[in-house]
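Please read it with the sequence and the coordinates open.

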Amino acid sequence: MKKKIVILLTATLLGSALTLTTSQPVQAISKKAAVTLSWHNQSYRKVKLTKTTYVRKIHWRTPNYKSTVGPKIKLKKNKVVRIQQTGTNFGWYMHIPGRSGDYTIVKRYNDYSWFKLM
């Protein structure tokens with residue numbers, strides 16, 4: 001009789017422990033995966049700048065490789081913007097609330113330290 005109670009108690013404790021550990025969903029996504037343009041991610045991603053960042057307005061021409069950029073514009077830390085990273089032309093693209101047009105970021109292509117996801 002004691003063995004049945006011990007086995008039943010052990011099974012109950014293990015079952016509840018498994019339920020507690022698997023009921024905490026965690027979804028982690030890297031910054032790179034969140035902002036990189038792909039077949040399943042076609043939109044701009046809202047981010048907050050963590051460093052003062054310089055951008056340049058893109059003056060589009062046809063074909064795109066003839067496009068030019070304007071002078072540097074300074075964006076202060078904590079500004080909320082929308083960004084996207086592609087593998088062609090300028091690499092980084094940005095939409096800034098309150099401003100028209102597309103902007104490119106004056107940063108290295110593989111540098112993700114200047115923003116955080118929202």
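With which side chain does the side chain of Asp102 make a polar contact? The points below begin with that residue.

1. The partner is Trp60, whose side chain lies 3.0 Å from the side chain of Asp102 in a polar contact (a pair of N or O atoms within 3.5 Å; within protein, one must be able to donate a hydrogen and the other to accept it, and residues adjacent in sequence count only if both atoms are side-chain atoms). This is a predicted model, in which local features need pLDDT of at least 70, side-chain atom pairs count only at pLDDT 80 or more, and totals for chains, interfaces and linings use all residues. Residues are numbered from 1 along each chain as its sequence is written, and side-chain values use heavy atoms, with hydrogens and water left out.

2. Asp102 sits in the loop between β5 and β6; strands (E, at least two residues) are DSSP runs, numbered from the N terminus. Asp102 is buried, that is, under 20% relative accessible area with a 1.4 Å probe, protein chains only. Asp102 has no salt bridge (a side-chain nitrogen of Lys or Arg within 4 Å of a carboxyl oxygen of Asp or Glu). Lys57, the nearest side chain of opposite charge, is 9.0 Å away; Lys and Arg count as positive, Asp and Glu as negative, and His and the chain ends are not counted.

3. Leaving aside residues up to four places away in sequence, Asp102 touches Tyr44, Arg56, Lys57, Ile58, Trp60, Met94 and His95. Contact here means heavy atoms within 4.5 Å.

4. Sixteen residues make up the largest nonpolar core (buried Ala, Val, Leu, Ile, Met, Phe, Trp, Tyr and Cys residues joined through side-chain atoms within 4.5 Å). Among those with the most contacts inside this core are Met94, Trp92 and Phe115. At least two core residues come from each of β1, β3, β4, β5 and β6.

5. β1 runs antiparallel to β4, with four bridges joining them; strands pair if DSSP finds at least two bridges between them. Lys46 is opposite Arg82, and Lys48 is opposite Val80. β1 also pairs with β7 in the antiparallel sense, over three bridges, and here Leu49 has Phe115 as its bridge partner.

6. β4 and β5 form a hairpin with six residues between them, and Asn89 in the turn has a positive phi of about 50°. Their antiparallel pairing has four bridges, with Gln84 partnered by Tyr93.

Key: Buried means under 20% relative accessible area, exposed over 50%, partly exposed in between (1.4 Å probe, protein chains only).
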